[in-house]
Amino acid sequence: MADAAFLAASLREATIAHLSRFSPFSEMRREDLEWMVERFSLVYTPREGILLEPIQGPVSHFYIIKQGAVVGESPAGGEGVHWQLVEGECFPLGALLAHRPVGNVYRAVEDTFCYRLASQHFDELLRRSPPFHDFCTRRIAHLLERSQQLIQAQYTQASVAQQ
C-alpha cells in the first residue's frame, strides 16, 4: 500500500513540475495546482483522432496538452487548419466559459496525451485561482481581437477584389 501512495505522490509531483513550465500554471499557487492535478484524468487520442467537435454539444472538459499537438479545423472542412496547439497549451476556453459547444473540430496531429479536467472543476478553479482566471480572461480577449483582425482583413480583401 505504501508503494501505491509513493507512486501517486511521485506522479502528482511530476505532473505539477511539468505544468509549472507553462503559463498560467507557473504563476499559480502550489495548493491550487495540487487541487487541480488531483482531479485530472489523462486521455490519449491517436493521430487524426477527434478530441472535440461541435456536434458533441456543450463542452464537458478542459484540456491541457501533455504531449503531442492539436489543430482546430472548420467543422465544414475545406477551409483548412485555423490554428495549432502544442505541449502546455489548453483548450477550449471560450466554449467552457460560455457553457456552449466548440465552434471548430479539435483534431490530434500526432499521438496526443492531454490532462483533462471536468467543467465543474474548471469553474471552481476559475474561482480559486486569480492567475488562472486572469489568464483565461486575457486569452479570450486576445482571441476576440484576432478574430476581429481576420474579419477586417477579409473585408478589405473582398473590397479590393470588387474594385
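Student: How many helices and how many strands does the secondary structure of the protein come to?
Tutor: This is a predicted model, and its elements can be followed from the N terminus in the order α-α-β-β-β-β-β-β-α-β-β-α-α. Taken together, the secondary structure comes to 5 helices and 8 strands.

Student: How do the directions of helix α2 and helix α4 relate, roughly parallel or roughly antiparallel?
Tutor: The axes of α2, residues 30-37, and α4, residues 119-128, come within 11 Å and cross at roughly 175°. Because angles over 145 degrees count as roughly antiparallel, α2 is, relative to α4, roughly antiparallel.

Student: Which residues of α4 make the contact with α2?
Tutor: On the side of α2, the contact is made by Glu31, Asp32, Trp35 and Met36. By class, the residues in this contact of α2 with α4 are 3 nonpolar, 1 polar and 4 charged. On the side of α4, the residues are His121, Glu124, Leu125 and Arg128.

Student: Which residues have the most contacts inside the largest nonpolar core?
Tutor: Of the 163 residues of the protein, 37% count as buried, and the largest nonpolar core has 37 residues. Those with the most contacts inside this core are Phe25, Met36, Phe62, Phe91 and Phe132.

Student: Leaving aside neighbours within four places in sequence, which residues is Phe91 in contact with?
Tutor: Phe91 is one of the residues with the most contacts inside the largest nonpolar core. Once its neighbours within four places in sequence are left aside, Phe91 is in contact with Leu51, Leu52, Phe62, Tyr63, Ile65, Val70, Leu85, Tyr106 and Cys114.

Terms used. Residues numbered from 1 in each chain as written. Predicted model: local features only at pLDDT ≥ 70, side-chain atom pairs only at ≥ 80, totals over all residues. Heavy atoms only, no water. Axes fitted to C-alpha atoms, helices over the stretch in contact; angles between N-to-C directions. Helix = DSSP H or I, 4+ residues; strand = E, 2+ residues; numbered from the N terminus. Parallel < 35°, antiparallel > 145°, perpendicular 65-115°, else oblique. Contact = heavy atoms within 4.5 Å. Nonpolar A, V, L, I, M, F, W, Y, C, P; charged D, E, K, R; others polar. Buried < 20%, exposed > 50% of the residue type's maximum accessible area, 1.4 Å probe, protein only. Core = buried A, V, L, I, M, F, W, Y, C linked by side-chain atoms within 4.5 Å.
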